[in-house]
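Let us walk through this structure step by step. Keep the sequence and the 3D view side by side as you read.

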Amino acid sequence: MARVKPSFIAAATVLLALPAVAQDAPTEADIRDAHATLLGLARDDGKPQEDDSAALYYSIVENPDAPRLVTRLEVGGVPCRARFMSALQFPGQWATVTFGMVDLRRVTSVRAYASADDMIAGVKPVPVDSDKAVQIVLTGKDLHCATRISLSGETASDMVCADRLDLTLTDAREKERARKALSIVAGICKAPAFSKQ
């Protein structure tokens, strides 16, 4: 994947736009929610089931024939790193389990776009805190790594690492969660995308 040059000005506006969030010490639940937001978990109004440093997220399935995704997200001693285990269950079939890790300290670039088409083309970025922003892309070397196995006994896949995380902002609630997540990436994780180059 092509590396995107960090945009310090756009990234810095996130911190300036949210002074209260950046100054308050985030709780463990806040940090876990930041990871969940960036991984695309719990985008509905439902609350995860919490247990110590972990939380369970369930996809909402209206069609009983659709697959169901359950994800256990755990934030350990290093708040900017999270482990997750996801099980995708198709009705009447064995589940596929994915084990992975995300490290928010590796974010080297953050870009926002006013449309999905602009994001796909990589053109016309807007400020990260703009009301027009509907897509945010975070990139960094090996930002998100995972391996997949099937409970049917198939051989596990090799570890695969991705260099980006995507945020879709469709309403005010998602925008607020995204801003809180980005302020944690900047203030707690000290990600290079939010530092002067």
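A cavity here is a set of grid points where a 1.4 Å probe fits but cannot get out. Keep in mind that this is a predicted model. How many cavities of 30 Å³ or more does the count give? The count comes to one. The largest cavity has a volume of about 30 Å³.

The largest cavity is lined by V128, I136, L169, K175, A178, R179 and L182. Which helix gives the most to this lining? Helix α5, residues 172-187, does, with four residues. What kinds of residue form the lining? Five are nonpolar, two are charged and none is polar.

Next, find V134. V134 sits in the loop between β7 (125-126) and β8 (135-150). Is V134 buried or partly exposed? Buried means under 20% relative accessible area, and exposed means over 50%. V134 has a relative accessibility of 25%, so V134 counts as partly exposed.

V134 also meets residues from elsewhere in the sequence. Set aside the neighbours within four places in sequence. V134 is then in contact with Y113, A114, S115, L167, T168 and L169. Take L167 from that list. V134 and L167 are 33 residues apart in sequence, yet their C-alpha atoms are 8.1 Å apart in space. L169, another contact of V134, is also one of the residues that line the largest cavity.

Turn to helix α3, residues 28-38. Which of its residues are buried? They are I31, R32, A34, H35, A36, T37 and L38. An α-helix has 3.6 residues a turn, so residues three or four places apart point the same way. After α3 comes G40, with a positive phi near 80°.

Last, look at the strands. Strand β2 (residues 54-58) and strand β3 (residues 68-75) run antiparallel, joined by five bridges. Pick out Y57: its bridge partner in β3 is T71. β3 also pairs with strand β4 (residues 81-89). This pairing is antiparallel too, and eight bridges make it up. Which residue of β4 stands opposite L73? F84 does. How many residues lie between β3 and β4 in their hairpin? There are five.

Note on methods:
Residues are numbered from 1 along each chain as its sequence is written. This is a predicted model: local features need pLDDT of at least 70, side-chain atom pairs count only at pLDDT 80 or more; totals for chains, interfaces and linings use all residues. Side-chain values use heavy atoms; hydrogens and water are left out. On a 1 Å grid over the protein atoms alone, a cavity is a set of points where a 1.4 Å probe fits but cannot get out, and a pocket is an open set with protein on both sides within 12 Å along at least five of seven lines; lining residues have an atom within 4 Å of a point. Grid points are joined across faces, edges and corners, and a volume is the space filled by probe spheres set on the points. Helices (H or I, at least four residues) and strands (E, at least two) are DSSP runs, numbered from the N terminus. Ala, Val, Leu, Ile, Met, Phe, Trp, Tyr, Cys and Pro count as nonpolar, Asp, Glu, Lys and Arg as charged, and the others, Gly among them, as polar. Buried means under 20% relative accessible area, exposed over 50%, partly exposed in between (1.4 Å probe, protein chains only). Contact means heavy atoms within 4.5 Å. Two strands pair if DSSP finds at least two bridges between them.
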